[in-house]
Amino acid sequence: MAGPSPTDHPRRSFVYRTLVEGGATFAAMGDAAVAESFGAGDEAAARALGIADLSPLPRAGFKGRATIDWLQGQGVAGIDRDNMADAQADGCLAARLAPTEVLLLGGLDGNAGLCASLGSAWSFESAPGTYPVLRSDASFWFALTGEHAAATFAKMCGVDLRPGRFADGTIAQTSLARMSAIIIRHDLGGTLAYYILGDSASAEFLWSCVLDAMAEFGGRPVGLAALRALAGAD
């Protein structure tokens, strides 16, 4: 392992031991370390079939009867349709899970941006009827990318996630490998990509399940740098 160690930071990915064993190179990301690379060929692997751990990246959530109105008043764009995600100006993704709940995912640059500013703006007095959800502590965040990603999901999930049936920005709240998960299609440049979020206690289990399903297509773990390269590609 090269670069900083996950154990040097106060917050760690829920699968950091597996990432270390897999030979990941890490980079500092705020108060944690993110798997930046798994070696040569990461970008090519991500275009074909790759899984990346994004759990150290910033994320947040809010829920309650006044959540949508409050977030829109704070400048969050879109969030006017359930089970749809809207990209924000700072690279953050705002995903409306219900009329009373929104999930916010920071950009791949690691900048907390909107996630941090909304956290600072929120209080019981300033946002009555809206409550924070501690997504960074409660949920893992993975990305599954590449041309074989939908076929991999078909082995674990009953929802048809093929590109022709599941549009970019669409959200499925479903069962994945027999556990509850949120799946968001969020393409990176011209590469098919999905974000997966679920209970942090099940992170290791789901990571191993996805790797097992990927084996048929030659998929493997990739680092954050490969996803950034895909996002910047035409």
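Okay, some ground rules. Since the model is predicted, local features need pLDDT of at least 70 and side-chain atom pairs count only at pLDDT 80 or more, while totals for chains, interfaces and linings use all residues. Residues are numbered from 1 along each chain as its sequence is written, and side-chain values use heavy atoms, with hydrogens and water left out.

Let's go to the sheet. Six strands make an open sheet with mixed pairing, and the order is S10-S11-S12-S9-S3-S13. When I say helix or strand, I mean DSSP runs numbered from the N terminus: H or I with at least four residues for helices, E with at least two for strands. Two strands pair if DSSP finds at least two bridges between them. In general, strands of a sheet pair through backbone hydrogen bonds, either parallel or antiparallel.

So which strands stand at the edges? They are S10 (171-176) and S13 (220-221); each has a single partner strand, so one side of each has no neighbour in the sheet. S13 pairs with S3 (residues 50-53) in the parallel sense, over two bridges. If you want to find that spot, look for Ile51, whose bridge partner in S13 is Pro221.

Now, packed on this sheet is helix H7, residues 203-214. H7 touches S3, S9 (139-145), S10, S11 (179-185), S12 (193-199) and S13, where contact means heavy atoms within 4.5 Å. The direction of H7 makes about 165 degrees with that of S3; axes are lines fitted to C-alpha atoms, for helices over the stretch in contact, and angles run from 0 to 180 degrees between N-to-C directions.

Which residues of H7 are buried? They're Ala203, Leu206, Trp207, Val210, Ala213 and Met214. Buried means under 20% relative accessible area, exposed is over 50%, and partly exposed is in between, using a 1.4 Å probe and protein chains only. Looking down the axis of H7, these buried residues fall within an arc of 130 degrees, so they line one face of the helix. That arc is taken from the directions from the helix axis to the C-beta atoms.

On to salt bridges, meaning a side-chain nitrogen of Lys or Arg within 4 Å of a carboxyl oxygen of Asp or Glu. How many are there by that rule? Twelve salt bridges.

Take Arg11 and Asp31, which meet at 3.1 Å, N to O. Arg11 sits in the segment before H1 (16-21) and Asp31 in the loop between S1 (25-29) and S2 (32-37), so the pair ties together parts 20 residues apart in sequence.

Another one is Arg96 with Asp82, at 2.6 Å, N to O. This pair links distant parts of the chain, with Arg96 in S6 (residues 93-98) and Asp82 in the loop between H3 (67-73) and S5 (84-87), 14 residues apart. Arg96 counts as buried, at 12% relative accessibility, and Asp82 is partly exposed at 35%.

Then there's Asp187 with Arg185, 2.7 Å from N to O, and both of those residues are buried. Lys63, Glu101 and Arg135 are linked in a network of salt bridges.

Last stop: Pro6, in the segment before H1. Pro6 is buried, at 1% relative accessibility. Pro6 and Pro56 are 50 residues apart in sequence, and their C-alpha atoms are 10.0 Å apart in space.
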